[in-house]
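Let us walk through this model step by step. Keep the sequence and the coordinates at hand.

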Amino acid sequence: MKQEFIAPKRTGRLDSFLSEQTEISRSKIKKYIENNAVYVNSALCTDPSKKLGEGDIIELTPEQEENTLAAAKNALTIYYQDKFLAVIEKKPGLTVHPCPSCQEETLVNHLLYHFPSLKTMEGERPGIVHRLDKDTSGLMLVALTEESRLKLSEAFSEKQIKKTYLALVQGICPNGESREPIGRHPAIKTKMALVPLNKGGREAFSEWERIYPKEMTAQKITASDTNKQNEKFSLLKVQIHTGRTHQIRVHLSAFGYPLLGDEVYAPAYIAAKAPRQMLHAYTLHFTHPFTGEEMEFTSLPPADFWECLEQQLAQKQKAIPFIVTGNSGSGKSALLEIAARQNLPTFSADTCIRELYKVNNDAWYLLKQQYGTQFVPDDSKPVDKIVLAKAMQDPTMKQEIENLLHPLVYNRMLQFFADNQYAPFAIAEIPLWFESKPAKLPFKPLTICVSATKEIRYKRLKTRNWTDDVIAYMESWQIPQEEKIRLADFEIPNNQGLAELEEKFLQLLHKLQEKNIASAAAILAEIKKQLM
């Protein structure tokens, strides 16, 4: 295709001028001139060193030379195509073009199969006007002619083409931006980093908006807080105003929110959460360089992106706190042991209070401070539980001591649930849960009442050498079993022994897990609807 240029005021060599105007190498331009492909002021010119004068008209008709790249048969999603350009979708795991370190099959090989005209464009990157990282998926703009390549390259250079991406990152990321310059990492040449402009960095500008979760306080990932943050993530919509290598990955990682699956810029435990960096070129908006039409395209991510998102949603949804309660002899402790065998975190109020009674522990200090030597007669020994139990036979004393001790157990229970908020389930055994009337919780636990007939419960208690008086005394502390069953979210009968108890408990967990999966699927569907 003939191209025409007008020399500016400042003159120079013909080959240098054409190379600058066309971005074709000077040696290739020289070849064109010598092969009768250039006219100056309508006269054939075969002298590459000819000096141009102001206003000279230069005509170039490049030779149509096929490159040596081979076309590769493939399936390619094409969103738009005309004689000038195409909009396609790049699959993850596919390098855009050949390079010395990558001689495998590339996107360029795929493009040559669908757009044979690219064979007439020289070089190793026919049609390529911008790039995506190998493991990034999504929309790409392809030039189908040399003239289109020049115009689209200029549009990218002038920041006239708008691109947005979808990114899955670790942590609850706030809406934000970064204008930090990016350059080659000073020590690792395969990486990019934040590099000041005076050290070789180049201007870079990214901004992002959190799509999910919508309502949640932003929380940054730090090396000392990885366990608590391990299951928190954000889905971001990212717009880049410059096109630096690895720009989004570098900016978000430096900001404290690395991409899931990013083996280069994320810690190993975050990189292991996905098969690739979870980054997808989502929208592309530009003005057609020849028709002037405003064009906008949207591409939803491939299956692996949705699978990763659904997995993160399911993990986030299934953190369920349980309170296990029930009357004496019902099997609460047995249920806690079953949960522990399932590798679920457990908490026992009885075990907690025994710890608090030990020398120099909180309950030991409070009882000593409040009652002197009545319950702590010896500073080297724990609280005397027998004396304490006798004192609590007085209703007034019982209420007073419970008001003193219950907050200690309550606070440790809250810490237990906070420490295990991302376990599949966290189980706390609190015998007097309904009787103690706890203050409003920062979360809503599900309650399980383990039940058994009075005859079976009493028989079990007597095997522990409980007398009728002790049984009656302990029963007096609790509301009737029927009332606990009514107040609880779930009842698990325990009249047939441990096998039945375990079966019913595991059935309940399985049912709740299925509910969580369904909830995650519903959230995922809503996100997809929002993005379409």
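A disulfide is a pair of cysteine sulfur atoms within 2.5 Å. By this rule the model, which is predicted, has zero disulfides. Two cysteines are still worth a look. Cys45 has a relative accessible area of 7%. Cys352 stands at 9% relative accessibility. Buried means under 20%. Cys45 is therefore buried, and Cys352 counts as buried too.

Turn next to the open sheet. Four strands build it, in the order β1-β4-β2-β3. The pairing is antiparallel. Which strands lie at the edges? They are β1, residues 3-6, and β3, residues 43-44. Each of these edge strands pairs on one side only. Now take the pair formed by β2 and β4. Strand β2 covers residues 38-40, and strand β4 covers residues 57-60. Three bridges join them in the antiparallel sense. Within this pair, Tyr39 stands opposite Glu59 of β4.

Strand β7 is the next stop. This strand runs over residues 137-143. Is β7 enclosed or open to the outside, and why? Seven of its seven residues are buried, so the rest of the structure largely encloses β7. Strand β7 has pairing partners of both senses, β6 in the antiparallel sense and β14 in the parallel sense. Strand β6, residues 85-90, pairs with β7 over six bridges. Here Val87 stands opposite Leu141 of β7. Strand β14 takes in residues 279-287. Two bridges tie β14 to β7. In that pairing, Ser137 stands opposite His280 of β14.

Now move on to the helices. Helix α16 spans residues 468-476. Which residues of α16 are buried? They include Ile471, Tyr473 and Glu475. What covers the buried residues of α16? The cover includes helix α12, at 385-391, and helix α15, at 454-462.

The last stop is Gln481. This residue belongs to helix α17, residues 481-487. What does Gln481 touch, leaving aside its neighbours within four places in sequence? Its contacts are Asn327, Val450, Ser451, Ala452 and Arg457.

Terms used
Residues numbered from 1 in each chain as written. Predicted model: local features only at pLDDT ≥ 70, side-chain atom pairs only at ≥ 80, totals over all residues. Heavy atoms only, no water. Buried < 20%, exposed > 50% of the residue type's maximum accessible area, 1.4 Å probe, protein only. Contact = heavy atoms within 4.5 Å. Pairing = 2+ DSSP bridges.
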